[in-house]
Amino acid sequence: MSQFVFATAEYVSGDWESAPALPENLIDSVARYTSIDVAPVGVNVKLSSPELFDYPFVWMTGHLPVRLTDAERRNVKRYVERGGFLMIDDHNHDITGQFHKTVTEEIERTFGKMTRLANTHELYRCFFVFENPPPNTHHELNGYGDDLLHRYLDAVLVNGRIGLLYSNKDYSSEWNFHAETKKFMTQDPTKFGVNLIVYALTR
Amino acid sequence: MRSRGSAARAGTEWGLRLLILALLAGYLVHALRVRYRGATEASDSQGLTVALARWSVVAAPARVHVALGHPPPVLQRDWLAALPGAGTMVAWGSASLLPSAIAVDPVADPAGGVDVAVATPAAATVELRDTLGTLDSVRAVAAGVRFTVPKLRPALEAEVGSVVARGAVHDSLELHRLLVLGTAQWETKFAIAALEERGWQVDAHIAVSPRHRGDVQQGEIGDVDTSRYSAVVAIDTTAARYGDRIARFVRAGGGLLIWSPAAKAPALATLAPGAPGIPIADEHQVPTDTAPRSALEIVPLVGLRPDAIVLERRGDVVTLAARRVGSGRVVETGYTNAWRWRLAGGDAAPDEERTWLARLVASVAYTGRRQVAAPPTDVAPVATLIDRLGPGTPKLDATGFMTLAVVLRWVFPVLVAALLLEWSSRRLRGVK
């Protein structure tokens, strides 16, 4: 039986490695709150490589413009259509930023227009229950980036399941800290990350 | 005084009279034989319609023999079977009839389809067709062949040589829900996805946290019985929480599809065909189109129970096995990450993996059955022929009645010619 392995997407353009502490932090949270058999160390996987299909959950982030190669686009499309879960987070938290503009272009070019995810979606209650989803980040609340509170996440749905989830909320900054820091926090911000993984593993 | 010529003429006339008397006597003897000892007639497949009418209305022979090139249609077969009631013994023979039979069963799969089994001698070519034409053609390697027809057809025909067996689906299946039990892992997720995409209604209990607080439940998990579920799918040992209920369910006729690691749990081990062996890792090979499961990780089935039936092996190890428990059936799979087949396999992989998993479920699923109207069938034409007419007999001897029949055809013209000659000879002599 296969372990859950947290995978970070490598892509040719941009800065895919911009949240280096995030994988370890989410792995810690999954191990802390759930009984999921999780690998203690994450992996990096190229979007264009066949190894992508060994990791049904992949995290993708960055600040810089994203231009997928043909091989990357082909792989991503196949991956999502077959049941993989690709989480893309705008590390700029800025709808006028280059990452948002280019990556949404790439998504729509590959899959068509994304669906706005209802805030009653089971993603927000499949493990932890969030009353006012999607959970906000400190970067939103402090007015960084586009100075907006993004009220919804967008998704590509395949047979009613989320295959690709897109966020402008900058969870990459919110969760990019050393896992040990959680013990000094009153609220663990990574709980929504646990929901993402539980949803991907159960739906 | 008569001349020498007229004496010879009178002798000839006497000869003709004797010939006429002999022929009439022959006819009389033949008529008596027909009357008291009976006649034998023969026909073949081509002339059978005409022969049946003649045997029933005109000739009433004592015995008939039919050389069949193919099994007679149902009407002719029943007609032949009725002849003994009218005093005509019926025999048949054929050098070309290959015994064959067809069985058509609906598959317990929301996507529909039927299983077709054709029993036939080895090396015979079986052509399967429906009303629109040929579906497949296969040479039998053992005692028959199996087909899976994805769409339900009202009737199917299997042609083996000159024998055409006709079958039809007589039952409609009533499928209930599936209950999937496992931990939050890829195999659980993709098994549920594949089954739902196939059309199954799935309830699931997915263990996520140590004390089961926050477990993911899909659907209203009610009583585990055959009125709600067709089968339980147990991915790992967390299914043991339902152990007693699953055991009762299976003994009452429900189905259980179990992944071999789940058989570690004592509550499930009593139901499983085998115990889990030592895992054999997949080494991240890409599943190929030709042998996709050979690239998957397995936990082989070991210590098989005496009543277990091996369904599939990889080399020396058992990867699939089945057994019956009470009224229910259990299939155990050693493939523990079939999700890689779907995700990393070739272009057809998602559909093939879905179909494979659906077949495993179908092989155990409990279903209600409802009879439906079906077209007329003839599932085993040769067996039915033997049942109605008895076993075939060799072709009749050519020196028997056939020779007599040929002779009898010439008797009447010879008789008429002899009468004419005798009469004209006498008239020419001036004798009345």
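# A tour of the two chains

Select Ile298(B) to start: this residue is buried, with 25 other C-beta atoms within 10 Å. The model you have open is a predicted one. Ile298(B) sits in the loop between β17 (275-276) and β18 (301-302) of chain B. Leaving aside residues up to four places away in sequence, show what Ile298(B) touches: Ile280(B), Arg314(B), Thr319(B), Gly334(B), Tyr335(B) and Thr336(B).

**The domains of chain B**

Next, colour chain B by domain. Domain 1 takes residues 4-96 + 383-429, domain 2 takes 101-169, and domain 3 takes 173-371. How many Å separate the centres of domain 1 of chain B and domain 3 of chain B? Taken over C-alpha atoms, the separation is 70 Å.

**Pro110(B)**

Go to Pro110(B), in the loop between β4 (101-106) and β5 (114-119) of chain B.

Gly199(B) and Pro110(B) are 89 residues apart along the chain, and their C-alpha atoms are separated by 5.2 Å. Beyond residues up to four places away in sequence, Pro110(B) touches Leu175(B), Arg198(B), Gly199(B) and Trp200(B).

**Two helices of chain B**

Arg198(B) also belongs to the next stop, as one of the residues of α4(B) that meet α8(B). Show helix α4 (residues 186-198) and helix α8 (residues 349-364) of chain B; they pack at an angle of about 85°, with their axes 9 Å apart. An angle of 65 to 115 degrees counts as roughly perpendicular, and α4(B) and α8(B) are therefore roughly perpendicular to each other.

To see the contact, display side chains on both helices. From α4(B), pick Ala191(B), Ala194(B), Leu195(B), Glu197(B) and Arg198(B); from α8(B), pick Glu353(B), Arg354(B), Leu357(B), Ala358(B) and Val361(B). This contact of α4(B) with α8(B) has six nonpolar and four charged residues, and no polar ones.

**The largest nonpolar core**

Keep Val361(B) selected, for it is also among the residues with the most contacts inside the largest nonpolar core.

Centre the view on Ala234(B). Which residues does Ala234(B) touch, not counting residues up to four places away in sequence? They are Leu181(B), Ala239(B), Leu256(B), Ile258(B), Trp259(B), Ala262(B) and Leu268(B).

**Where the chains meet**

Show both chains together. The contact between them takes 23 residues from chain A and 26 residues from chain B. On the side of chain A that touches chain B, helix α6 (residues 191-202) of chain A gives the most, with three residues. By class, that side of chain A has 11 nonpolar, seven polar and five charged residues.

**Two helices of chain A**

The contact is made by Leu26(A), Ser29(A), Val30(A) and Tyr33(A) of α1(A), together with Gly193(A), Val194(A) and Ile197(A) of α6(A). These residues divide into five nonpolar and two polar, with no charged ones.

**Backbone stops in chain A**

Most residues other than glycine have a negative phi, and most peptide bonds are trans.

- His93(A) is not a glycine, yet has a positive phi of about 50°. His93(A) lies in the loop between β4 (85-90) and α3 (98-111) of chain A, and counts as buried, with 28 C-beta neighbours inside 10 Å.
- Asp147(A), also not a glycine, has a positive phi of about 55°. Asp147(A) lies in the loop between α4 and β6 (154-158) of chain A; with 10 C-beta neighbours inside 10 Å, Asp147(A) counts as exposed.
- Pro133(A) and Pro134(A) are joined by a cis peptide bond, with omega about -10°. Pro134(A) is in the loop between β5 (115-116) and α4 (138-141) of chain A.

How values were computed:
Residues are numbered from 1 along each chain as its sequence is written. Chains are lettered from A and ligands numbered from 1 in the order in which they are written. This is a predicted model: local features need pLDDT of at least 70, side-chain atom pairs count only at pLDDT 80 or more; totals for chains, interfaces and linings use all residues. Two residues are in contact if their C-beta atoms, placed from the backbone, lie within 7 Å. Helices (H or I, at least four residues) and strands (E, at least two) are DSSP runs, numbered from the N terminus. Ala, Val, Leu, Ile, Met, Phe, Trp, Tyr, Cys and Pro count as nonpolar, Asp, Glu, Lys and Arg as charged, and the others, Gly among them, as polar. Domain bounds come from an automatic or database domain assignment. A residue is buried if 20 or more other C-beta atoms lie within 10 Å of its own, exposed if 12 or fewer, and partly exposed in between; C-beta atoms are placed from the backbone. A nonpolar core is a set of buried Ala, Val, Leu, Ile, Met, Phe, Trp, Tyr and Cys residues joined through C-beta atoms within 7 Å. Axes are lines fitted to C-alpha atoms, for helices over the stretch in contact, and angles run from 0 to 180 degrees between N-to-C directions. Angles under 35 degrees count as roughly parallel, over 145 as roughly antiparallel, 65 to 115 as roughly perpendicular and the rest as oblique.
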